[in-house]
Amino acid sequence: TNRMTIHWDNKAIEITVTEFWMVYALAKFAGHVKSREQLMQESQIVVDDSTITSHIKRIRKKFRDIDSSFDAIETDFGRGYRWKT
């Protein structure tokens, strides 16, 4: 967290500060569902639900650009997102 960098498959992922905190919030408690509200709190932003969805889509794309089989971020419909264990 001090460097605010993310690596996947030994490759750095270019990510915004907001995206970093969202990934960190999900991965820190892998397997636990984080609601959109919790992701906003962790990222210290206040946005609408569709903006959180857009951030998650961009995060997934950045991981898939490195690993086309990336599927670690799971949507729990109606509840939020989780980092799969």
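Author: The largest nonpolar core has 20 residues, and those with the most contacts inside it are Ile52, Ile56, Phe63, Ile73 and Trp83. A nonpolar core here is a set of buried Ala, Val, Leu, Ile, Met, Phe, Trp, Tyr and Cys residues joined through side-chain atoms within 4.5 Å, and buried means under 20% relative accessible area, exposed over 50% and partly exposed in between, with a 1.4 Å probe and protein chains only. The elements that give two or more residues to this core are H1, helix H2 (36-43), helix H3 (49-66) and S4. H1 supplies the largest share, 5 residues. Helices (H or I, at least four residues) and strands (E, at least two) are DSSP runs, numbered from the N terminus.

A word on the source: this is a predicted model, in which local features need pLDDT of at least 70 and side-chain atom pairs count only at pLDDT 80 or more, while totals for chains, interfaces and linings use all residues. Residues are numbered from 1 along each chain as its sequence is written, and side-chain values use heavy atoms, with hydrogens and water left out.

Now look at Trp83. Leaving aside neighbours within four places in sequence, Trp83 is in contact (heavy atoms within 4.5 Å) with residues including Trp8, Val23, Leu26, Phe63, Phe70 and Ile73. Strand S4 (residues 80-83) runs antiparallel to strand S3 (residues 73-76), joined by 4 bridges; two strands pair if DSSP finds at least two bridges between them. Asp76 has Gly80 of S4 as its bridge partner. This hairpin has 3 residues between its strands, and Gly78 takes a positive phi near 85 degrees there.

Next come two of the helices. The axes of H2 and H3 come within 10 Å and cross at roughly 75 degrees, so the two helices are roughly perpendicular to each other, a label for angles of 65 to 115 degrees (under 35 is roughly parallel, over 145 roughly antiparallel, the rest oblique). Axes are lines fitted to C-alpha atoms, for helices over the stretch in contact, and angles run from 0 to 180 degrees between N-to-C directions. On the H2 side the contact is made by Arg36, Leu39 and Met40, and on the H3 side by Asp49, Ile52, Thr53 and Ile56.

Finally, turn to helix H1 (residues 17-28), where you will find Thr18. Thr18 is buried, with a relative accessible area of 19%. Not counting residues up to four places away in sequence, Thr18 touches Ser43, Ile45 and His55.
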